[in-house]
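Have your viewer open and your selection tool ready. We will go from stop to stop, picking out residues and looking at what is there.

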Amino acid sequence: MGTMPLMQENSGGRQRAPAYRRVLPWIEIALLVAAIPLPWLVEDFWILFATKVLILGLLAISFDMVWGFGGIMSFGQALFFGVAGYTAALIATKLDVTSVLVLLPTAAVTGLLSALVLAIIVILGRRPTTVVFVALGTLTGSYVVERLARGWSYVGGQNGISSLPRLTIGGVEIEEGILFYFMALGILATVYVLVRLLMRSQFGLVLAGIRQQESRIAFLGYRVQNYKGVVFSLGGLIAGTAGGMYAFHEGFMGPGQLGPVLSTQVVLYALFGGVGTLIGPIIGVGLIEIMSYALSQYWETGWPIVLGLLLLALVMFRPTGIMGLLVSDRERVGSFGRPKQAADPVAGTRHEAA
Amino acid sequence: MKLLEARAISKVYGSLAALDGVDLYVRANEFHGLIGPNGSGKSTLLKCIAGAEFATSGSIVLAGQDITRATSPTRSRAGLSLKFQITAIFPELSVYDNVLLSVQAGESMAAQIFSSSRRRLDEKVMAFLERFRLDDRRDDLAGVLSHGQQQWLEIAIALAREPKVLLLDEPTAGMSPQERRATGELLAPIRSHCSLLIVEHDLDFIRDICDSLTVLDQGRVVATGSTAEVQKDERVKEAYLANV
């Protein structure tokens with residue numbers, strides 16, 4: 001796998017760019033094909049397990065978009081996830097609203113607005129802020145909101161909000177199981193495609209520029225903070241959608257879903273799977289959750305130590321994560337360039353957006 | 001007509017005055033050289049004009065607009081473009097994408113999100129690549145270009161913003177004599193629509209392309225005027241040329 005070697009020459013004898021073998025689309029298609037029949041092939045427990053992985057996968061995508069593409073180290077993804085989940089849970093319990101068409105959009109908008117508020121504080125200054133400042137700012141935000149939730153009886157304090165009703169659509173309950181699984185899969189696939197398109201757009205090119213030369217790109221006239229603010233807020237929207245689904249899938253929303261522990265867990269999902277690939281963090285969620293489950297069967301108390309060491313080893317020796325073993329750097333960064341029709345026939349076959 | 005005016009610029013770092021009341025003017029369609037010994041404040045002045053640093057005092061006016069306290073993006077949108085001393089291309093992007101990044105900077109964020117201007121801008125990107133003899137390398141990663149080609153790419157990136165004034169900090173550093181000559185040929189045509197302020201150690205290159213010069217020494221202007229006048233100035237010979 002990886003890049004194809006050496007320069008190629010076209011018929012005119014000029015040097016051409018090295019082509020690279022595209023792996024990501026095959027992995028994406030393979031996973032989607034495997035995910036569709038899954039509920040009919042496994043027991044009920046594993047359908048619930050897989051649904052949770054899909055929901056957390058959505059949360060991991062939000063982090064990958066923010067860090068892997070936007071270059072913003074956010075320890076606040078759980079904040080948006082949790083605030084949105086709490087908001088949807090409160091609306092469902094206090095107002096007896098169960099329609100998925102109300103609750104999930106509300107959760108998404110809540111995630112977006114929470115992220116926008118935090119972005120105003122830690123990102124949208126007159127000058128770009130540092131990675132460390134944003135990391136600490138988002139971590140602090142996540143910590144503060146968790147503490148608030150733990151001490152606020154209206155939102156259930158330490159116990160959170162439990163016994164949530166099922167989501168409904170047109171009067172039909174969306175039970176945890178096959179129906180919920182396909183709703184989660186549909187939302188994840190849709191968000192995935194939209195984020196991929198955005199990251200391969202001219203907007204995505206600016207983000208790639210910011211990641212590589214943040215100080216340089218301001219001299220081209222780009223207001224870096226605005227681009228980061230948009231990505232950060234969209235990340236909040238996606239995390240909020242995941243939070244809304246999570247609350248009704250688990251039937252519960254607690255302070256643990258708001259705080260630094262889950263925020264850090266999301267970072268690990270992405271690092272393990274491979275940041276900047278979108279599919280990597282989803283694979284990271286699946287593998288970490290399966291390993292956690294399997295290890296806990298053998299060593300009930302000490303399994304986090306084994307898992308922690310595994311993650312540490314991977315991050316130290318393979319910072320590009322699992323996907324780094326399969327996907328070349330060239331494919332990960334990708335091309336944004338010539339529209340296909342504008343490129344000549346020879347270049348057009350090789351120079352497609354990744 | 002004075003297009004760029006830097007008036008009484010001072011820049012102080014702690015107790016060190018890097019610039020002390022420097023005046024500098026660049027006229028429309030003029031190539032202006034900024035020379036001086038190492039540590040004379042040339043790059044600092046360029047950074048103050050570009051917005052990488054803020055002057056401690058003084059004012060900078062571009063085409064009648066005061067940009068003294070403006071941020072770098074605002075200065076860029078006002079018509080100022082910069083090529084850094086240390087090459088600052090985007091090494092993991094293709095050569096084409098490097099130029100596209102600059103060409104599309106004037107587009108709205110919505111247009112960028114929907115990639116609606118990509119096709120329209122293609123011709124412009126290719127024109128810049130052809131002009132800077134990089135069209136054959138358009139699909140290559142910018143990081144694998146030779147040093148000279150990277151310098152050209154950065155000049156192309158700076159020019160693709162269609163600036164009123166282009167600031168170049170040592171554009172020929174590390175280039176072979178052939179590449180230096182080619183760089184002069186590449187820059188000559190921009191005179192029709194753009195002024196140039198250039199910091200350069202290669203005095204032959206400066207003499208060949210610049211209409212006027214400002215000489216700095218220890219943060220102060222030693223001489224300024226046409227290239228021919230400044231070359232004859234005894235103070236310049238003492239302060240700089242004799243030491244080269």
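Start by selecting Glu214(A) and Lys228(A): their side chains meet in a salt bridge, with N to O at 3.0 Å. Keep in mind along the way that this is a predicted model. Glu214(A) sits in helix H9 (residues 214-217) of chain A and Lys228(A) in helix H10 (residues 224-250) of chain A, so the pair ties together parts that are 14 residues apart in sequence. Now colour the two by accessibility. Glu214(A) counts as partly exposed because its relative accessibility is 26%, while Lys228(A), at 8% relative accessible area, is buried.

Next, stay in chain A and select Glu28(A) with Arg196(A). Here too the side chains form a salt bridge, at 2.7 Å from N to O. Glu28(A) belongs to helix H1 (residues 24-35) of chain A and Arg196(A) to helix H7 (residues 178-199) of chain A, so this bridge ties together parts 168 residues apart in sequence. Are these two residues buried or exposed? Both Glu28(A) and Arg196(A) are buried.

Move over to chain B and pick Glu162(B) and Lys124(B), a salt bridge whose closest N and O atoms are 3.4 Å apart. Glu162(B) lies in the loop between helix H6 (147-159) and strand S7 (165-169) of chain B, and Lys124(B) in helix H5 (residues 118-131) of chain B; the pair links distant parts of the chain, 38 residues apart. Glu162(B) is exposed at 54% relative accessibility, and Lys124(B) is partly exposed at 27%.

Then jump back to chain A for Arg166(A), Glu173(A) and Glu176(A), which salt bridges with shared partners join into one network. Over all chains, a search of the whole structure finds 19 salt bridges.

Now switch to a cartoon view of chain B. Four strands form an open antiparallel sheet there, in the order S2-S1-S4-S5. At its edges are strand S2 (16-27) and strand S5 (65-66) of chain B, each pairing on one side only. Helix H1 (residues 42-50) of chain B packs on this sheet, touching strand S1 (2-13), S2 and S4 of chain B, and its direction makes about 65 degrees with that of S2(B). Zoom in on strand S4 (residues 57-62) of chain B, which pairs with S5(B) in the antiparallel sense over two bridges. Leu62(B) stands opposite Gln65(B) in S5(B).

For the last stop, show the surface of chain A and select Val109(A), Leu113(A), Leu116(A), Val117(A), Ile120(A), Ile121(A) and Leu124(A). Together they form a nonpolar surface patch with about 600 Å² of accessible area. One of them, Ile121(A), is in helix H5 (residues 100-122) of chain A and counts as exposed, at 59% relative accessibility.

Notes. Residues numbered from 1 in each chain as written. Chains lettered and ligands numbered in written order. Predicted model: local features only at pLDDT ≥ 70, side-chain atom pairs only at ≥ 80, totals over all residues. Heavy atoms only, no water. Patch = residues over 30% accessible without salt bridge, like charges linked within 9 Å, V, L, I, M, F, W, Y side chains within 5 Å. Areas by Shrake-Rupley, 256 points an atom, 1.4 Å probe, with all protein chains shown as cover. Salt bridge = Lys/Arg side-chain N within 4 Å of Asp/Glu carboxyl O. Buried < 20%, exposed > 50% of the residue type's maximum accessible area, 1.4 Å probe, protein only. Pairing = 2+ DSSP bridges. Contact = heavy atoms within 4.5 Å. Axes fitted to C-alpha atoms, helices over the stretch in contact; angles between N-to-C directions.
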